[in-house]
Amino acid sequence: GSIRLWGAAGEDFAVIEAGSNAIVAFAPGGHDAAAADPSGGLVLLGDVAGAGSRRTLAASGGMVYPAGLAFSADGRKLFLADAGARSVTAFDLAAGAQTVVSCDCVPAGLFPMDGLFRLNEAGAAPLWLLDARSGEPRIVFVPARSE
């Protein structure tokens, strides 16, 4: 029913109401976070340990099945992988702009790899990566090994 924060001194409080499929990501080097929930949308949470502010980035119904949520290394962008829509949406947090990048895969998450994010598991199919190092995000693949 909620996303909760526990502090080192034993504090326990609800940060935001959320459904059972909610996912959370913390921004690097600060106290900001983001939460994605199909029923509640995508919300940017400022200073979750203190005063706390909320900014809705995508309304409920704007995502099918959130599979991964991650901030860029500099914290200026937020990426949402949607398994149902087979895409990754990049949110420019300063400009308020968003870019949707389609994928020929079903993202299983956003797993950081030094400026890249792995979208699926390595196996018999191609490995799909979100390249977030340049200005515009793009999805690339590493071909599967053929024998």
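**Figure 1. Asp47 in the loop between strands S5 and S6.** Asp47 sits in the loop that lies between strand S5 (41–46) and S6. The model shown here and in the other views is predicted. Most residues other than glycine have a negative phi. Asp47 is not a glycine, yet its phi is positive, at about 50 degrees. Asp47 has a relative accessibility of 29%, so it counts as partly exposed.

**Figure 2. Arg86 in the loop between strands S8 and S9.** The loop between strand S8 (77–82) and strand S9 (87–92) holds Arg86. Arg86 is a residue other than glycine with a positive phi, near 55 degrees. The relative accessible area of Arg86 is 37%, which means that this residue is partly exposed.

**Figure 3. An open sheet with the strand order S3-S4-S5-S6.** Four strands form this open sheet, and their pairing is antiparallel. Strands of a sheet pair through backbone hydrogen bonds. Strand S3 (23–26) and strand S6 (53–58) are at the edges; each has a single partner strand, so one side of each is left without a neighbour in the sheet. From one strand to the next, the twist averages 20 degrees.

**Figure 4. The pairing of S3 with strand S4.** S3 and strand S4 (residues 33–37) run antiparallel and are joined by four bridges. In this pairing, Ala25 stands opposite Ala34, a residue of S4.

**Figure 5. The aromatic pair of Phe79 and Phe117.** Two aromatic pairs are found when the whole structure is searched. In the pair of Phe79 and Phe117, the ring centres are 5.6 Å apart and the planes are at 50 degrees, so the pair is tilted. Phe79 belongs to strand S8 and Phe117 to strand S12 (residues 116–118), so the pair ties together parts that are 38 residues apart in sequence. Are these residues buried or exposed? Phe79 and Phe117 are both buried.

**Figure 6. The aromatic pair of Trp128 and Phe141.** The ring centres of Trp128 and Phe141 lie 5.2 Å apart, and with planes at 45 degrees the pair is tilted. Trp128 is part of strand S13 (residues 127–131) and Phe141 is part of strand S14 (residues 138–142), so the pair ties together parts that are 13 residues apart in sequence. Trp128 counts as buried because its relative accessibility is 12%, and buried means under 20%. Phe141 has a relative accessible area of 46% and is therefore partly exposed.

Terms used
Residues numbered from 1 in each chain as written. Predicted model: local features only at pLDDT ≥ 70, side-chain atom pairs only at ≥ 80, totals over all residues. Heavy atoms only, no water. Pairing = 2+ DSSP bridges. Helix = DSSP H or I, 4+ residues; strand = E, 2+ residues; numbered from the N terminus. Axes fitted to C-alpha atoms, helices over the stretch in contact; angles between N-to-C directions. Buried < 20%, exposed > 50% of the residue type's maximum accessible area, 1.4 Å probe, protein only. Phe/Tyr/Trp six-rings, centres within 6.5 Å; stacked < 30°, edge-to-face > 60°.
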